[in-house]
Amino acid sequence: MNYKRIEFGDSVLRGCTNLREIIIPSTVTAIGNNAFCGCTSLKRITIPNSVISLGNWVFKGCSSLESIEIPTTIKSIGSGAFFGCSLIGEITIPPLITVINERTFCECLLLKKVFIPSSVTKICYYAFNRCESLRNITIPSSVTEIGYSAFSDCFLLNEVKNLSSISVIQNHLFFRCSSLLSTIIPSSVTMINDSAFQMCVSLKSISIPFGVKIIGKSAFCECKSLEEITIPSTLIEIRDFAFYGCMSLIKIEIPPEITVINRFVFGNCSSLTQIEIPPSVTSIEEGAFDFCSLHEIIIPSSVKYIHPNLFIK
């Protein structure tokens, strides 16, 4: 199908399930929201260099689309633009894009390669959620913000390069990235939010840099292969369940500024045999060390409160 002198407005061909191919004419400068949403048989589309923007959910659910060449003239790609384009294997993001919007490539199940240009400064929430075939990704140093769950459920992701410019590891950022072996948290980071690495079951070691002040709830929960972790002296709070279920963790040193050992923070760390509680600690909460293998624990006199269920086992 070849259209001439037509503006591709919102939902113009939405749900045309028999459409297989389309060539966008060079008179078109923008493709509106939902324009091809639900075109489940669409295999090929040609977008001319005249186009500068793609709308929200523009190709959502185009489950037969195997590849797409995004013109270098594109300046903006809307939210969920390629959501559920499950056969696309490779994407090159144009050099004029500054923001990868929310859910842009969510559930692109066969996406293996993504090239992000240095023009990008922000990756929004759920941008690459459930890209189940994505194995590695390089984040340009221009990126200063990555939204929550941006790479959650990327089950084959084993390497993330260059997080050097971000200041916060957001909630669920790498949640259930079960192949992730290691990542370098940059010195710019001051907080690791809730469930950031939860269920990264292949993660063996991680170094948290000087400057990090807070480790969020369940941040490393169920990281079953985590054997060692370096925690900086700048840390002032480790929240509930932060290391729960880290069954390979043998030893950990609690930083000197920590005042509360929170609920179940080291619960079910079944290999944990040694732990040092600093004299800054005043309270130890419920289940903090339940199901651990501690041989000995020395509780300093600074501790004024110990929950009666400190050791469930």
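Which strands, in what order, make up the open sheet of four strands with parallel pairing? The order is β13-β14-β16-β18. The model shown in these views is predicted; local features need pLDDT of at least 70, side-chain atom pairs count only at pLDDT 80 or more, and totals for chains, interfaces and linings use all residues. Residues are numbered from 1 along each chain as its sequence is written, and side-chain values use heavy atoms, with hydrogens and water left out.

**View 1. The whole chain.** The chain has zero helices and 23 strands. The C-alpha trace spans about 80 × 30 × 25 Å along its principal axes. Of the 313 residues, 51% count as buried, where buried means under 20% relative accessible area, exposed over 50% and partly exposed in between, with a 1.4 Å probe and protein chains only.

View 2. Strands pair if DSSP finds at least two bridges between them. Strand β16 (residues 214-215) runs parallel to β18 and is joined to β18 by two bridges. I215 has I238 as its bridge partner in β18.

**View 3. The sheet of three strands.** This open sheet, with parallel pairing, has the order β7-β9-β11. Its edge strands, β7 (99-100) and β11 (145-146), each pair on one side only. Two bridges connect β9 (residues 122-123) with β11, and the two run parallel. K122 has E145 as its bridge partner in β11.

**View 4. S119 and its contacts.** S119 lies in the loop between β8 (113-115) and β9. Its side chain reaches two backbone oxygens: that of P95 at 2.9 Å, and that of I97 at 2.6 Å.

**View 5. Cysteines without a bond.** A disulfide is a covalent bond between the sulfur atoms of two cysteines. Here it is counted as a pair of cysteine sulfur atoms within 2.5 Å, and the structure holds zero of them. C221 is in no disulfide, and the nearest cysteine sulfur, that of C246, is 7.3 Å away. C221 is buried, at 6% relative accessibility. For C269, the closest cysteine sulfur is also in C246, at 5.1 Å, which is too far for a bond. C269 is buried, with a relative accessible area of 0%.

**View 6. The largest cavity.** On a 1 Å grid over the protein atoms alone, a cavity is a set of points where a 1.4 Å probe fits but cannot get out, a pocket is an open set with protein on both sides within 12 Å along at least five of seven lines, and lining residues have an atom within 4 Å of a point. The whole structure has one cavity of 30 Å³ or more. The largest cavity holds about 30 Å³ of space. Its lining residues include I238, I254, N262 and F266. By class, the lining has seven nonpolar, one polar and no charged residues.

**View 7. The largest pocket.** This pocket has a volume of about 160 Å³. Among its lining residues are T273, Q274, E276 and E296. The lining divides into four nonpolar, two polar and two charged residues. Ala, Val, Leu, Ile, Met, Phe, Trp, Tyr, Cys and Pro count as nonpolar, Asp, Glu, Lys and Arg as charged, and the others, Gly among them, as polar.

Key: Points joined across faces, edges and corners; volume = space filled by probe spheres on them. Polar contact = N/O pair within 3.5 Å; in protein donor to acceptor, adjacent residues only side chain to side chain.
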